[in-house]
Amino acid sequence: MNLALWIIAGALAVVFALSGLMKLGVPKDELVASTDMGWAEGFSQAQIRWIGAAEFCGGVGLIAPVVVHIAPVLVPIAAVGLLLAMVGAAVIHGRRGDVSLVAMHVVLLALAAVVAWGRFGPYAFTA
């Protein structure tokens with residue numbers, strides 16, 4: 001199970017870090033013009049950048065604390081933060097009627113929940 005948690009955390013880290021970097025680096029107009037980013041129209045550039053920063057930090061937080069052996073308790077905390085972000089994303093996409101995107105966010109939410117459960121619970125990193 002520990003290996004599965006590492007694989008899930010690694011995949012989530014890549015997804016969230018790249019998604020966050022995209023929101024940090026791509027202007028709002030280009031995000032709105034892309035197919036799955038129509039939601040950005042209802043947010044300011046600053047809000048989009050904050051979302052991107054949170055996603056990037058959450059992605060890094062799933063791996064980095066254990067790799068550098070500093071505060072590994074941050075791994076499940078990052079997972080909970082990303083879980084909450086996916087709740088918000090699912091609500092936003094649900095209001096827009098983007099059912100396929102809601103499903104994707106629910107899957108990411110479930111994977112983050114598994115990491116949080118495993119790392120807070122039976123497979124926690126111990127000193």
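Mentor: Begin with burial: buried means under 20% relative accessible area, exposed over 50%, and partly exposed in between, with a 1.4 Å probe and protein chains only. At 7% relative accessibility, Glu55 therefore counts as buried. This is a predicted model, in which local features need pLDDT of at least 70 and side-chain atom pairs count only at pLDDT 80 or more, while totals for chains, interfaces and linings use all residues. Residues are numbered from 1 along each chain as its sequence is written, and side-chain values use heavy atoms, with hydrogens and water left out.

Trainee: In which helix does Glu55 lie?

Mentor: Helices are DSSP runs of H or I with at least four residues, strands are runs of E with at least two, and both are numbered from the N terminus. Glu55 lies in helix α3. The expected span of a helix is 1.5 Å times one less than its number of residues. Helix α3, residues 45-61, has 17 residues and reaches 24 Å from its first C-alpha to its last, close to the 24 Å expected.

Trainee: Which residues of α3 are buried, and against what do they pack?

Mentor: Ile48, Gly52, Glu55, Gly58, Gly59 and Gly61 are buried in α3. Packing is read from contacts, meaning heavy atoms within 4.5 Å. The buried residues of α3 pack against α1 (2-25), α2 (28-33), α4 (64-67) and α5 (74-96). Leaving aside neighbours within four places in sequence, Glu55 is in contact with Phe16, Ala17, Ser19, Gly20, Lys23, Leu82 and Met86.

Trainee: Lys23 is in that list. Is Lys23 buried or exposed?

Mentor: Lys23, in helix α1, counts as buried because its relative accessibility is 5%. For its side chain, look at polar contacts: pairs of N or O atoms within 3.5 Å, where within protein one must be able to donate a hydrogen and the other to accept it, and residues adjacent in sequence count only if both atoms are side-chain atoms. The Lys23 side chain makes one with the side chain of Glu55 at 2.9 Å, and a polar contact of 2.6 Å joins the side chains of Lys23 and Ser19.

Trainee: How is a pocket read, and which residues lie nearest the centre of the largest pocket?

Mentor: Rolling a probe the size of a water molecule over the atoms shows where empty space is left. On a 1 Å grid over the protein atoms alone, a cavity is a set of points where a 1.4 Å probe fits but cannot get out; a pocket is an open set with protein on both sides within 12 Å along at least five of seven lines, and lining residues have an atom within 4 Å of a point. Grid points are joined across faces, edges and corners, and a volume is the space filled by probe spheres set on the points. The largest pocket holds about 530 Å³. Of its 26 lining residues, Lys23, Glu55, Met86, Ala89 and His105 lie nearest the centre. The largest share of the lining, 9 residues, comes from α5.

Trainee: How many aromatic pairs are there?

Mentor: A pair of aromatic rings is described by the distance of the centres and the angle of the planes. Rings of Phe, Tyr and Trp (its six-membered ring) pair if their centres lie within 6.5 Å; planes under 30 degrees apart count as stacked, over 60 as edge-to-face and the rest as tilted. The structure holds 2 aromatic pairs. Trp39 and Phe43 are edge-to-face, 5.5 Å centre to centre with 75 degrees between the planes. Trp117 and Tyr123 have ring centres 6.4 Å apart and planes at 65 degrees, so this pair is edge-to-face.
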